[in-house]
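We go stop by stop.

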Amino acid sequence: MSLLLTRGVAGLAAGALLAVSGSAAVNAQEFINILTGGTSGVYYPLGVALSEIYAEEIDGARTQVQATKASVENLNLLQQGKGELAFALGDSVQAGWDGVEEAGFPAPLTELRAIAAIYPNYVQIVASAESGITTLEELKGRSISVGAPASGTELNARAIFAAAGMSYDDMGKVEYLPYAESAELIKNRQLDSTLQSSGLGVAFIKDLSATMDINIVAIPAETVESIGAPYVASIIPAGTYDGQDADVPTAAIGNILVTHAGVSDETAYQMTKLLFENLERLKASHSAAAAIDPAKALEGLSIPLHPGAERYYKEAGLL
């Protein structure tokens, strides 16, 4: 069952004007439910930070953070009007818009609207050092967790393995578990490895590397390049995790903040504006936010911008 973290704020009178302090007026008792991911990932702490910002800065807003299975679940919930803002991987957003059934979208999600491209996710394959696994080939015959079924992470796993000429059938055992559960099984020596898609410095790998020796498994640039957009070859820099002494090649894919067409233009405008006006606060909640850049916010978007977000970018001279 999804974990809920509520951030309430007292509503001001309906129709309140923009305050001198800079807080924004929207309809009284505006509700903003932010769909994130597992609590040990990156989406969740960023969602909590945004929730607090919106609760403080948008008059009459009540905000809530919902922990979910991330991208695919988030996008389906948005389509149903069960959230106002969601984090999702770029390839999942494209699959949702197109209605790719095998990716978890039986029909096109035509209500989706973009707020901003934010930071990149990195496909991070972690193995216990004692497993000896350092390459994709060495995963064959071993146990691995690949995220929840049909999650954004699991779609990444399928793409990476296919590009390497592999499939789940090559593995000794495949588990469909999120970050924290995967880490616990590795700690308990019940699992050799896990593939997860997240921002750099994600808590579950930091915790794992602090308690046991790990290997970050390389994904060669040529493998990533064979998949093509929206995947790009990238690097997990040396020192990102304890005991990681060298750069590790991997795949990166952009994350997108998504809303739906039923969210008012004013609310979408304020959500976009306050996102970029509070980047330092977001960085304090997680280091992955350091990569959020308004100049890159329109890159790689595969769905229409919400008109409220479009208004912000025009005002900022970015569109």
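Which residues have the most contacts inside the largest nonpolar core? Select L50, Y54, L139, F161, L275, F276 and L282. The core they belong to has 96 residues. A nonpolar core here is a set of buried Ala, Val, Leu, Ile, Met, Phe, Trp, Tyr and Cys residues joined through side-chain atoms within 4.5 Å. Buried means under 20% relative accessible area, exposed over 50%, and partly exposed in between (1.4 Å probe, protein chains only). In soluble globular proteins, nonpolar side chains tend to be buried together.

Before moving on, two notes. This is a predicted model, in which local features need pLDDT of at least 70 and side-chain atom pairs count only at pLDDT 80 or more, while totals for chains, interfaces and linings use all residues. Residues are numbered from 1 along each chain as its sequence is written, and side-chain values use heavy atoms, with hydrogens and water left out.

**Stop 1: L282**

Centre on L282. Leaving out residues up to four places away in sequence, L282 touches L46, A49, L50, I53, L275, A289 and I292. Contact means heavy atoms within 4.5 Å.

**Stop 2: strand β5**

Helices (H or I, at least four residues) and strands (E, at least two) are DSSP runs, numbered from the N terminus.

Two strands pair if DSSP finds at least two bridges between them.

- β11 (residues 248-260) runs antiparallel to β5, with eight bridges. Look for A117 opposite I256.
- β8 (residues 193-198) is antiparallel to β5 too, through six bridges. Pick Y122 and its bridge partner S198.
- β9 (residues 214-217) is joined to β5 by four bridges, again antiparallel. Here A127 has N215 as its bridge partner.

In a regular strand the side chains alternate between the two faces of the sheet.

**Stop 3: the largest pocket**

Select G37, G38, T68, K69 and P178. Of the 32 lining residues, these lie nearest the centre of the largest pocket. Its volume is about 530 Å³. The elements giving two or more residues to this lining are α2 (71-79), β5, α4 (152-163), α5 (179-187) and β8. By class, the lining has 12 nonpolar, 17 polar and three charged residues.

The terms need their cut-offs. Work on a 1 Å grid over the protein atoms alone: a pocket is an open set of points where a 1.4 Å probe fits, with protein on both sides within 12 Å along at least five of seven lines, and lining residues have an atom within 4 Å of a point. Grid points are joined across faces, edges and corners, and a volume is the space filled by probe spheres set on the points. Ala, Val, Leu, Ile, Met, Phe, Trp, Tyr, Cys and Pro count as nonpolar, Asp, Glu, Lys and Arg as charged, and the others, Gly among them, as polar.

**Stop 4: the second largest pocket**

This pocket holds about 450 Å³ of space. Select A117, I253, G254, E299 and G300, the closest to its centre of 21 lining residues. α3 (90-98), β5 and β11 each supply at least two residues of the lining. β11 gives the most, with five residues. The lining divides into 11 nonpolar, six polar and four charged residues.

**Stop 5: helix α2**

Is α2 largely enclosed or open? Seven of its nine residues are buried, so the rest of the structure largely encloses α2. Select S71, V72, N74, L75, N76, L77 and L78 to see the buried ones. Just after α2, G81 takes a positive phi of about 75 degrees.

**Stop 6: backbone exceptions**

Most residues other than glycine have a negative phi, and most peptide bonds are trans.

- A70, in the loop between β3 (58-66) and α2, has phi near 80 degrees. A70 counts as buried because its relative accessibility is 17%.
- R189, in the loop between α5 and β8, has phi near 60 degrees. R189 counts as exposed, at 54% relative accessibility.
- A229 and P230 are joined by a cis peptide bond, with omega about 5 degrees. P230 sits in the loop between α7 (221-227) and β10 (232-236).
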